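The following note is meant for a colleague who is meeting this structure for the first time. Please read the numbered points alongside the sequence and the model.

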Amino acid sequence: MAHADLISSATLTDPQPFVIAGHEFRSRLMVGTGKYASNAQMIEAIEASGAEVVTVAVRRVDLDRSKDEAILHHLDPDHFFLLANTAGCFNASDAIRYARLARAAGFNEWVKLEVIGDQQTLLPDTIGLLDATKALTDEGFKVLAYTNDDLVTALKLEDAGAVAVMPLASPIGSGLGMLNPYAIRTIKARLSVPVIVDAGVGTASDACVVMEQGVDGILMNTGIAAAQDPVRMAAAMRLAVEAGRHAYLAGRMPRREVAVPSSPTTGMLGS
Amino acid sequence: MSEAVAGEVVVKVNGKERRMPDGWSLADLLASLEIDARTVVVERNGTILRDRSSFASVELVADDSLEIVHFVGGG
C-alpha cells in the first residue's frame, strides 16, 4: 500500500534549525531500525517518517547466515545519517567498546550512548553513563546520551561533554508515553545542548505532546515498528512531531478552570 | 581450546572455535566465510583492526580471538 499521500509537505517554517554539534538535520524525528517484520517494511516506514537520523546496533555477524541481518544492504548511508547505539551494554567499558567498533565502520564519530542498569526496566545506569560519556568525548566521539528524566544527571551529562541529552518519555519499548512532562520541560529549560526525548512514545498523540514541551526532537523505534501498520504510523509520527513543534512555537492558550464563551455575549435576541 | 592437528590452527571467531589452515590471513578467513571486509569491523584480541587493506597481511595464529561485527537493526 502506498502511503505517499499521507506524508505532509511542511509548509510552515521553523525559526530554529535543528542542530546538534554543528550539524543541521532536516527532521526532528529520529527513528530506530529494530523489530520490523522485514527490511522492506523498515525502509518504507523510515521513508514515511521523513527521518534523517537512523539508529543502528552493533552485533556479531551471524556466521551461519541463518538471517539477513546486515542493515547496510538496505539503508543508503548517503541518504541517512547513521547513528550507532550501544544498546545492550550494561557497563561503561562495554559501551565504550561498542562505540569504538561502530566508529571503525567509518561513517561518523557519533554514538547514541546507552549504559543500561536494570534488565527489567532497561533504565540507565547513570553513573556508568557519565563515565562513558566522559571517556568517549575525550576520544573525539559526539555522544548523545540516553538517560532518565532526571535533571541533575542531564546537567552532569552536558558538563561531561554530551552533544545532546536524550531523556526517556517512559521505559524503552513500553509505549507508555511521557510520564513526567514537568521533568522533561525542566531539563529542556536548563540545558544548552539539544534535548531529544528517546523511548516510550507509543502513538502519535504521545509524540505531539512531547514536542509541545519544547524539546528539540524525538527518537523512537517500537512506537512505529510495533504498530499494526508501521508505515502508516511512521507517517502519523511525522505529522505529530511537526504538529507538536508548531504548537510549541505558536504558544498554547492559558489553561482556565472556567468556561469563557467563544461567541459574542452581546446582540442576543430579545435583549 | 581444542587441540589443533598438524597444519591447522584453532582460533576463536565470534565466540566459537574454528579450525583453519596454518598460515591463513584474516582476508583468507573472511573470504572463506563469504564476508565482504568492507561491511564489517574486526577486533582481534581486543584491538580493532582499522585498516581493512591490511587484512591480507594479518596472519592468524593459534588462540587468536576475533570479533567480526556489523550494523543490525536496533533502536
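1. Two strands are said to pair if DSSP finds at least two bridges between them. In this predicted model, strand β4 of chain A (residues 53-60) and β5(B) pair in the antiparallel sense, and five bridges link them. Within this pairing, A:V56 stands opposite B:G73 of β5(B).

2. The contact between the chains involves 19 residues of chain B and 26 residues of chain A. On the side of chain B that touches chain A, β3 (41-44) and β5 (65-73) each supply at least two residues. The most is given by β5(B), with seven residues. Sorted by class, this side of chain B has 10 nonpolar, six polar and three charged residues.

3. Chain A has eight helices and 10 strands. Its radius of gyration is 20 Å, close to the 18 Å that the globule rule gives for 271 residues, so chain A is as compact as a globular protein of that length. The C-alpha trace of chain A spans about 85 × 45 × 35 Å along its principal axes.

4. Of the 271 residues of chain A, 45% count as buried. Among contacts in chain A between residues at least 6 apart in sequence, 64% join residues that are at least 24 apart.

5. In soluble globular proteins, nonpolar side chains tend to be buried together. The largest nonpolar core here has 96 residues, of which A:L113, A:I218 and A:M237 touch the most other members. Helix α8 of chain A (residues 230-250) gives the most to this core, with eight residues.

6. Which residues does A:I218 contact, leaving aside its neighbours within four places in sequence? They are A:R28, A:L29, A:M30, A:I196, A:V197, A:V201, A:A207, A:V210, A:M211 and A:V241.

7. Two residues of chain B deserve a look at their backbone angles. B:N14 is not a glycine, yet it has a positive phi of about 50°. B:N14 is found in the loop between β1 (8-13) and β2 (16-21) of chain B. Because 16 other C-beta atoms lie within 10 Å, B:N14 is partly exposed.

8. B:E34, likewise a residue other than glycine, has a positive phi near 60°. The place of B:E34 is in the loop between α1 (26-32) and β3 of chain B. Is B:E34 buried or exposed? B:E34 counts as exposed, because it has 8 C-beta neighbours inside 10 Å and a residue with 12 or fewer is classed as exposed.

Definitions and conventions. Residues numbered from 1 in each chain as written. Chains lettered and ligands numbered in written order. Predicted model: local features only at pLDDT ≥ 70, side-chain atom pairs only at ≥ 80, totals over all residues. Contact = placed C-beta atoms within 7 Å. Helix = DSSP H or I, 4+ residues; strand = E, 2+ residues; numbered from the N terminus. Nonpolar A, V, L, I, M, F, W, Y, C, P; charged D, E, K, R; others polar. Buried ≥ 20, exposed ≤ 12 C-beta atoms within 10 Å, placed from the backbone. Core = buried A, V, L, I, M, F, W, Y, C linked by C-beta atoms within 7 Å. Rg over C-alpha atoms; globule rule 2.2 N^0.38 Å.
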